[in-house]
Number of protein chains: 4
Amino acid sequence: MNSQIVTFLIQCPDQKGLVAKITSFFFERGFNILSCQQYVNALENTYFMRIRLNTEGSDISKSNLEEEFLTLANPLEFKWSVNYGDEIQNVAIMVSHTSHNLYDLLERSKEGGLNCNVKLVISNHNKLRYVAEMFNIPFYHLPISKETKLQQEAQVRDLLEANNIDLIIMARYMQVLSSGFINDYQGRIINIHHSSLPAFQGANPYERAYQRGVKLIGATAHYATEDLDKGPIIDQDVKHVNHESTTKTLKRIGADTEKLVLARAVKYHLNNQIIVSGNRAIVFPETGE
Amino acid sequence: MNSQIVTFLIQCPDQKGLVAKITSFFFERGFNILSCQQYVNALENTYFMRIRLNTEGSDISKSNLEEEFLTLANPLEFKWSVNYGDEIQNVAIMVSHTSHNLYDLLERSKEGGLNCNVKLVISNHNKLRYVAEMFNIPFYHLPISKETKLQQEAQVRDLLEANNIDLIIMARYMQVLSSGFINDYQGRIINIHHSSLPAFQGANPYERAYQRGVKLIGATAHYATEDLDKGPIIDQDVKHVNHESTTKTLKRIGADTEKLVLARAVKYHLNNQIIVSGNRAIVFPETGE
Amino acid sequence: MNSQIVTFLIQCPDQKGLVAKITSFFFERGFNILSCQQYVNALENTYFMRIRLNTEGSDISKSNLEEEFLTLANPLEFKWSVNYGDEIQNVAIMVSHTSHNLYDLLERSKEGGLNCNVKLVISNHNKLRYVAEMFNIPFYHLPISKETKLQQEAQVRDLLEANNIDLIIMARYMQVLSSGFINDYQGRIINIHHSSLPAFQGANPYERAYQRGVKLIGATAHYATEDLDKGPIIDQDVKHVNHESTTKTLKRIGADTEKLVLARAVKYHLNNQIIVSGNRAIVFPETGE
Amino acid sequence: MNSQIVTFLIQCPDQKGLVAKITSFFFERGFNILSCQQYVNALENTYFMRIRLNTEGSDISKSNLEEEFLTLANPLEFKWSVNYGDEIQNVAIMVSHTSHNLYDLLERSKEGGLNCNVKLVISNHNKLRYVAEMFNIPFYHLPISKETKLQQEAQVRDLLEANNIDLIIMARYMQVLSSGFINDYQGRIINIHHSSLPAFQGANPYERAYQRGVKLIGATAHYATEDLDKGPIIDQDVKHVNHESTTKTLKRIGADTEKLVLARAVKYHLNNQIIVSGNRAIVFPETGE
């Protein structure tokens with residue numbers, strides 16, 4: 001392999017010696033370990049590691065590396081994945097009417113803030129076509145109705161497959177995806193919900209927040225699961241509001257939080273910082289990278 | 001009246017001329033208006049004012065002032081209250097096992113951070129007696145069981161009446177008060193809930209937050225109402241947490257937020273900054289006071 | 001006047017009766033007062049008011065209104081301004097190499113988040129032309145060198161005058177403006193500084209923040225004054241960072257704060273929420289508007 | 001050794017294989033690695049590790065462990081320390097007039113929030129004696145004047161030595177310690193400064209913050225060094241303020257931040273989470289501990 005940064009994500013039953021065994025495995029093969037982050041869930045007796053390697057100077061092939069790694073991984077019951085950092089991920093963004101997250105993601109992607117190729121934007125409305133066009137990203141208008149829901153979803157899936165999409169970002173896409181769809185893209189759909197979950201799950205969170213008279217308004221980025229708004233939370237944040245804040249004000253203040261939270265979550269995902277375990281997302285912090 | 005600061009809190013149907021009429025009323029009587037804060041709820045067509053006056057140099061009596069004010073208030077359908085700032089409010093603190101809010105309130109009260117007399121601490125356990133004693137505050141241990149609930153509450157009420165209590169602070173009192181009790185002290189019971197409501201209403205919010213894998217942990221101070229954890233929110237705040245945060249960690253991080261949020265809410269109340277309207281608390285900010 | 005929202009900003013020596021006199025003035029002329037915000041600086045004995053009126057149903061002309069207002073304003077020594085809300089302000093954005101604030105301002109302006117006409121973008125480099133073009137905003141490349149500084153500034157001033165610019169936003173424009181320029185646009189130039197002032201005034205704040213080992217990184221929006229980075233602060237904010245944060249990381253994290261802080265400051269200015277007094281900016285909060 | 005948690009803190013020149021070598025060293029001796037945190041400063045080519053071990057089941061003595069560890073440490077040029085978690089640290093708190101940090105530290109210490117023995121409180125004034133007495137902590141009043149500065153410091157040092165003090169907390173002690181004193185307790189004096197450094201170094205930060213018209217007010221906990229207010233920053237935080245905030249308000253809002261920031265910094269220190277390198281404090285986050 002040429003000089004590049006390889007990231008392994010590992011989860012397994014906890015036991016003595018894991019960090020020594022794993023780091024020795026890579027050291028013996030001449031890799032420089034750039035960072036090695038661990039998390040032990042003592043309640044569930046599980047172990048998690050994110051390890052980043054500089055492979056400069058090693059001439060092992062990917063397939064040999066993975067074959068050898070299995071001799072370590074199998075006896076220790078690893079669930080693992082590896083990212084060689086040599087392929088930029090393909091991303092699809094799904095939207096409905098609201099433009100702020102779309103602008104934000106397209107700008108970051110264009111300016112190098114998100115390491116991905118946004119291949120297309122899909123919407124059930126035509127309203128935001130101009131935004132995609134400003135950034136020269138193909139825009140697909142696929143209207144949806146109760147009757148055409150499954151057909152529309154089939155069209156979406158065709159587009160995703162044709163574009164080799166690795167990650168789907170629901171950037172205020174106001175439609176519920178079918179279980180089948182979500183299961184086929186398990187761990188690869190990130191949704192932004194416009195409340196600090198589990199508060200205000202479901203529809204119209206800003207209006208309900210106004211009605212409840214809250215003093216904080218927030219947003220949550222999470223992996224989509226069958227159970228709506230109950231998937232593993234990647235990031236969330238809030239801002240202070242007060243009695244003067246109408247629903248409209250809450251939407252405006254919330255929009256800025258939605259942008260930051262979704263962009264951070266997408267960055268964590270693209271940067272291989274996340275391991276999902278059950279309904280929890282272990283999000284390792286960046287390490288000066 | 002001697003020189004002192006008088007605060008009027010007013011709510012009424014909105015209409016033209018309110019601020020001019022109210023401020024002229026006080027100006028004509030020689031008062032200096034220190035601050036005049038308004039809020040118009042356009043949805044409900046209601047108007048709210050907090051007005052602070054320096055009565056120095058005026059020789060009108062309280063009863064005359066109130067009588068004259070009625071000639072303004074009645075035709076305009078004011079609901080109003082006045083605080084002359086000459087009586088420090090009497091406060092009762094109710095606790096169970098957890099000491100951090102109790103320490104915090106007693107310290108602030110002792111050191112001048114909360115303008116009130118903490119007259120007594122009531123608990124269904126004896127555990128925190130030593131804290132009250134450190135601050136020389138009478139401590140009453142009134143145990144409670146399913147069978148004795150109403151009797152215990154009667155004892156509590158006797159103590160509150162005997163001490164002329166104006167405000168009850170539920171500083172992690174882990175018992176549900178009866179509807180009768182709450183109604184008799186409507187708008188005068190502040191509770192701290194250890195989550196950012198409406199998330200995790202009810203019992204064990206920290207454990208449920210851990211289970212849900214949240215990335216924020218918070219606290220909410222609200223007026224107690226019959227509907228548990230659904231009263232008007234006075235203040236709330238959160239802190240960032242991560243996958244390393246166990247339930248124990250969440251409790252520790254949350255405790256600091258609980259302290260700040262409850263102390264702020266109590267200060268707003270004692271300082272006559274709050275008007276409750278339906279299920280919403282209008283909390284006027286301090287004005288350099 | 002047709003139905004519209006008029007905002008008066010007033011500062012004057014403090015004295016009894018100001019709010020009553022001012023609000024009565026408007027009430028007697030049939031205006032509905034939408035909000036009336038005050039601030040008294042007791043140290044300096046000065047009074048500040050922001051008052052918003054709905055002029056629906058009044059047939060007074062602007063010139064008559066202002067003439068009559070002078071009969072109130074002159075004896076009370078008001079410094080005042082009025083905005084009739086019928087003219088959208090013209091804005092010029094000045095940039096150098098960094099794109100994030102430019103994108104953010106253009107997007108907000110285009111999508112209705114900032115109530116202004118961005119008439120042009122001026123830069124001492126050609127690098128960000130494509131961003132202006134994406135939003136169809138004229139871009140002027142006016143290079144600068146030590147020798148050409150005054151000539152370039154003259155060109156800038158010509159462009160500002162030709163476009164009737166009301167507000168200049170220095171959105172990471174890395175040049176010091178001359179005193180003459182700043183004085184001619186006093187109170188109409190908003191700059192974003194990439195630190196939480198007064199920390200790290202001057203050049204390279206992110207590098208110096210890294211060197212100092214700070215745990216917070218911030219940004220400050222302020223009015224430009226002759227004394228660099230010492231003008232009245234409109235808004236500022238910070239984010240937590242840690243030892244892993246390199247200068248590059250600080251720049252990335254700081255960029256998001258810069259965007260939010262500058263956009264809020266511009267909104268406060270456009271929305272007539274700010275009164276400058278000496279080196280302090282009184283920023284009245286929005287009132288549900 | 002009986003079952004206990006041992007923490008090693010290590011810094012050394014960066015090179016390949018460090019994590020593998022260190023973790024293998026402990027694994028081969030039968031220790032369970034509870035957490036292993038690293039940081040590489042690529043600019044300075046330095047490596048930092050915090051590693052926590054459960055020594056249950058190992059019968060190696062401390063001296064043998066350290067002797068063996070040297071065979072690893074010396075060739076790799078480690079600067080290192082080890083904490084066996086079997087001795088609670090002795091703490092001295094120094095104060096002047098301001099009580100909030102003192103209350104906070106004493107409460108946390110008493111209630112188990114800080115794992116230390118507060119052995120004494122030293123003050124140049126007698127004012128806060130009652131606070132120490134509430135918590136049954138010896139209080140020493142050692143007045144200071146220009147003439148008696150060195151004598152007073154000698155008295156302080158006698159008390160510190162007599163009480164085997166490991167950590168000195170300057171909880172708003174308004175005196176500058178001599179260079180000699182600071183050098184003898186290098187890395188063992190934590191100070192709270194009432195601003196977000198490097199803003200408002202030196203005296204009267206709240207007054208200067210008011211004068212500057214800031215919109216944020218903060219606090220910084222740092223190790224004391226000869227260069228006043230320039231020591232390695234452990235933690236810092238801020239709160240939003242506005243034009244209504246007088247110096248008195250800033251003090252009140254800042255006090256809450258001072259309490260949280262100092263308590264966190266002390267906890268990080270007591271919990272062996274900090275490695276100082278030059279003027280930077282590497283603060284490893286807690287790992288579910």
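A:N45 sits in the loop between β2 (32-41) and β3 (46-54) of chain A, with helices (H or I, at least four residues) and strands (E, at least two) taken as DSSP runs numbered from the N terminus. Its phi is near 55°, a positive value in a residue other than glycine. Heads-up: this is a predicted model, where local features need pLDDT of at least 70, side-chain atom pairs count only at pLDDT 80 or more, and totals for chains, interfaces and linings use all residues. Residues are numbered from 1 along each chain as its sequence is written, chains are lettered from A and ligands numbered from 1 in the order written, and side-chain values use heavy atoms, leaving out hydrogens and water.

- Most residues other than glycine have a negative phi, and most peptide bonds are trans.
- A:N45 counts as partly exposed at 44% relative accessibility; buried means under 20% relative accessible area, exposed over 50%, and partly exposed in between (1.4 Å probe, protein chains only).
- In chain B, B:N45 also has phi near 55°, and its place is the loop between β2 (32-41) and β3 (46-54) of that chain.
- B:L197 and B:P198 are joined by a cis peptide bond with omega of about 10°, and B:P198 belongs to the loop between β9 (189-193) and α7 (205-212) of chain B.
- Chain D has a cis bond too, between D:L197 and D:P198, with omega of about 10°.

**Aromatic pairs**

- Searching the whole structure turns up 48 aromatic pairs over all chains; rings of Phe, Tyr and Trp (its six-membered ring) pair if their centres lie within 6.5 Å, and planes under 30 degrees apart count as stacked, over 60 as edge-to-face and the rest as tilted.
- One of them is the stacked pair of A:Y103 and C:F135, at 6.2 Å centre to centre and 10° between the planes.
- A:Y103 is in helix α3 (residues 100-111) of chain A and C:F135 is in the loop between α4 (129-134) and β7 (139-141) of chain C, so this pair joins two chains.
- Both A:Y103 and C:F135 are buried.
- B:Y103 and D:F135 are stacked as well, with 6.2 Å between centres and 10° between planes.
- B:Y103 is buried at 2% relative accessible area, and D:F135 counts as buried at 8%.
- Within chain A, ring pairs tie A:F8, A:F25, A:F26, A:F31, A:F69, A:F78 and A:W80 into a cluster.

**Charges over rings**

- B:R280 puts its charged end over the ring of A:Y210, 3.9 Å from the ring centre; the cut-off is NZ of Lys or CZ of Arg within 6 Å of the ring centre and within 35 degrees of the ring normal.
- D:R280 has its charged end over the ring of C:Y210, 4.0 Å from the centre.

**Domains and interfaces**

- Chain A is assigned domain 1 (5-83) and domain 2 (89-283), with bounds from an automatic or database domain assignment.
- Taken over C-alpha atoms, the centres of those two domains are 32 Å apart.
- Domain 1 and domain 2 of chain A bury about 800 Å² between them, 53% of it on carbon and sulfur atoms; buried area is the accessible area (1.4 Å probe) that two parts lose on being put together, summed over both.
- A:L9, A:F48 and A:R50 supply 48% of the area that domain 1 of chain A buries against domain 2, more than any other three residues.
- Between chain A and chain B, 35 residues of each are in contact with the other, contact being heavy atoms within 4.5 Å.
- Those two chains bury about 2900 Å² between them, 52% of it on carbon and sulfur atoms.
- On the chain A side, A:R212, A:H243 and A:R280 lose the most area to chain B, together 26% of what that side buries.
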